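Subject: Structure for your review

Dear colleague,

Please find the structure below, together with its sequence.

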Amino acid sequence: MKRDAFQTARAFIDSYFPDCKIAVLSGSVVRGEETPSSDLDIVVIDQEPFRKSYYYCEWPIEAFVHNEDSLEDALFIETQHGVPLTTRMCAEGTVLKGGSEAEKIKEQAKRSLIEGPSALSLSKLDELRYAISDKLDDLEGSTIPEEDVYSVSALIESLHQFILRSNKRWVGEGKWMYRSLKNYDEALAGRLTKCLQSFYTRQEKGELIRFVDEILAPYGGRLFHDYYARF
């Protein structure tokens, strides 16, 4: 049987990073959302930045190791790219080591989560709108169901970014796409999920196409004519 997550995380730090300044345990075990496949995400402030995966006491562990400069860089880069991987881990984590210095990092990350990522420029929003329009045209005109599966996958990746970044909200990857949309607007996330379920269970794509057009409408609708981008 697996040892307690918090005891395991502390023992792991003592074994692998005994001289680190700060260690913060994050992820589903901290949020109370642990599943049988959960791992332990640990942010470590040490000397050389790297990311490494381990198995320790039957737990899969992801160590995100930074020094003070690389952590600051990572938090800044995430505000530009909009995916708060390290920011969320620091903000939601439980301090294993580091005391008040670790708490300062947590508070900085919490403020960043609340403030959201940097606003996208109009040209970047147009770039996303163009990509969505292109995928939407492909889906609408397709007569090959097998290709539609991949078109929808690519469409949703761009669409969720457009919805969230146009509203200065954090985006996600994988399961965090839904979680991020739900955090922004639960009703909207529910509608989009329903459209996707209709497509994947009944190959009904009309509902999804109408939903995407509705999202694009306030920004000028689909974009193709006169779209210009420099390489």
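Tyr-56 is buried, because its relative accessible area is 14%; buried means under 20% relative accessible area, exposed over 50%, and partly exposed in between, with a 1.4 Å probe and protein chains only. This is a predicted model, in which local features need pLDDT of at least 70 and side-chain atom pairs count only at pLDDT 80 or more, while totals for chains, interfaces and linings use all residues. Residues are numbered from 1 along each chain as its sequence is written, and side-chain values use heavy atoms, with hydrogens and water left out.

Aromatic contacts

The structure holds eleven aromatic pairs. Rings of Phe, Tyr and Trp (its six-membered ring) pair if their centres lie within 6.5 Å; planes under 30 degrees apart count as stacked, over 60 as edge-to-face and the rest as tilted. Helices (H or I, at least four residues) and strands (E, at least two) are DSSP runs numbered from the N terminus. Phe-12 is buried, at 0% relative accessibility. Phe-199 and Tyr-200 are likewise edge-to-face, with centres 5.0 Å apart and planes at 70 degrees. Within that pair, Phe-199 is buried at 4%, whereas Tyr-200 is partly exposed at 42%.

One aromatic cluster consists of Phe-12, Tyr-16, Phe-17, Phe-50, Tyr-54 and Tyr-56.

Charges over a ring

Two arginines lie over the face of Trp-176: Arg-88 at 3.9 Å from the ring centre, and Arg-179 at 4.8 Å. The criterion is NZ of Lys or CZ of Arg within 6 Å of the ring centre and within 35 degrees of the ring normal.

Cysteines

With a disulfide taken as a pair of cysteine sulfur atoms within 2.5 Å, the count is zero. For Cys-57, the nearest cysteine sulfur is that of Cys-20, 17 Å away. Cys-57 is partly exposed at 30% relative accessibility, while Cys-195 is buried at 3%.

Surface

Which residue of helix 7 (residues 145-165) deserves a note here? Tyr-150 is found in that helix and is exposed, at 67% relative accessibility.

Yours sincerely
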